[in-house]
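Open the model in your viewer and keep the selection tool at hand. The tour goes stop by stop.

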Amino acid sequence: MKKRYYLLPLLTLALLGFIAINSMGCNYEVSINHRGLNYYGVCRGGTIDFIESDESTGTRWSVSAIQISVADQLIFLIRDRRKIHDGSSDIRPLDPYLQSQWKRNIVSYAWVPLDNSQVAFFQSAPHHDIWVGKREGPINLLDSLFPRMPIVGNSN
C-alpha cells in the first residue's frame, strides 16, 4: 500500500523531467516583422535571446528568456529585458509595448507551422494577436524527432 504514495510524486517528476528535456531541445532561429517591428531570436538549449527593433526609429531592445515547451505552447520566463539602443524619434512604438510587458515575467504563445519555413505564433494576453515569422530549426526536442505537419502544405 505504501508504494502507491510514491507513484504520484514519481509521475510528477517524470513529467517535469520530460518537459525540461523537451524544452532544452530547441535549436531554432526565428525572424518576425510585425507592424513595423522586427524581431530576431535564437533558441539553443532552452534559452532564447531576442533582438527587438523598431524600423521607424531604430530603437532596439534585448530580451533573454528561458523557453518551456509544452505541446503547442511556448512559455517564456523572462530573465532580462533591456534597451540597447535609443531611437531617433519621440514616438517609439516598441517602447510602450515593451514597457507594458516590463511587469510580465512570463509570456506565452501557441505555435503552428504554416509551411516548412513559416510559423504562426498566437498570443492572447495582454491582447489577442497573431505573429507570422520565418523559422529555421526545431522548436523543441519533439519537433526535432517528430516534426508537426504544416497546415498550408509542404514547400521545398
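**Stop 1: two loop residues**

Select arginine 35: its relative accessibility is 66%, so arginine 35 counts as exposed (over 50% relative accessible area is exposed, under 20% buried, in between partly exposed, with a 1.4 Å probe and protein chains only). Arginine 35 sits in the loop between strand 1 and strand 2. Helices (H or I, at least four residues) and strands (E, at least two) are DSSP runs, numbered from the N terminus. The phi of arginine 35 is near 55°, positive in a residue other than glycine.

A word on the source: this is a predicted model, where local features need pLDDT of at least 70, side-chain atom pairs count only at pLDDT 80 or more, and totals for chains, interfaces and linings use all residues. Residues are numbered from 1 along each chain as its sequence is written, and side-chain values use heavy atoms, with hydrogens and water left out.

Now select alanine 71, in the loop between strand 4 and strand 5. Alanine 71 is not a glycine, yet has a positive phi of about 55°. Alanine 71 is exposed, at 64% relative accessible area.

**Stop 2: the disulfide**

How many disulfides does a search of the whole structure find? It finds one (a disulfide is a pair of cysteine sulfur atoms within 2.5 Å). Select cysteine 26 and cysteine 43, whose sulfur atoms are 2.1 Å apart. The link is left-handed, with -75° about the S-S bond. Cysteine 26 lies in the loop between helix 1 (2-24) and strand 1 (27-34), and cysteine 43 in strand 2 (residues 37-44), so the pair ties together parts 17 residues apart in sequence. Are these cysteines buried or exposed? Cysteine 26 is buried at 3%, and cysteine 43 is buried at 0%.

**Stop 3: the core**

Select Tyr28, Ile48, Leu74, Phe76 and Phe121. These have the most contacts inside the largest nonpolar core, which has 21 residues. Such a core is a set of buried Ala, Val, Leu, Ile, Met, Phe, Trp, Tyr and Cys residues joined through side-chain atoms within 4.5 Å. Among the strands that each supply at least two residues of this core are strand 3 (47-54), strand 6 (106-113) and strand 7 (118-123).
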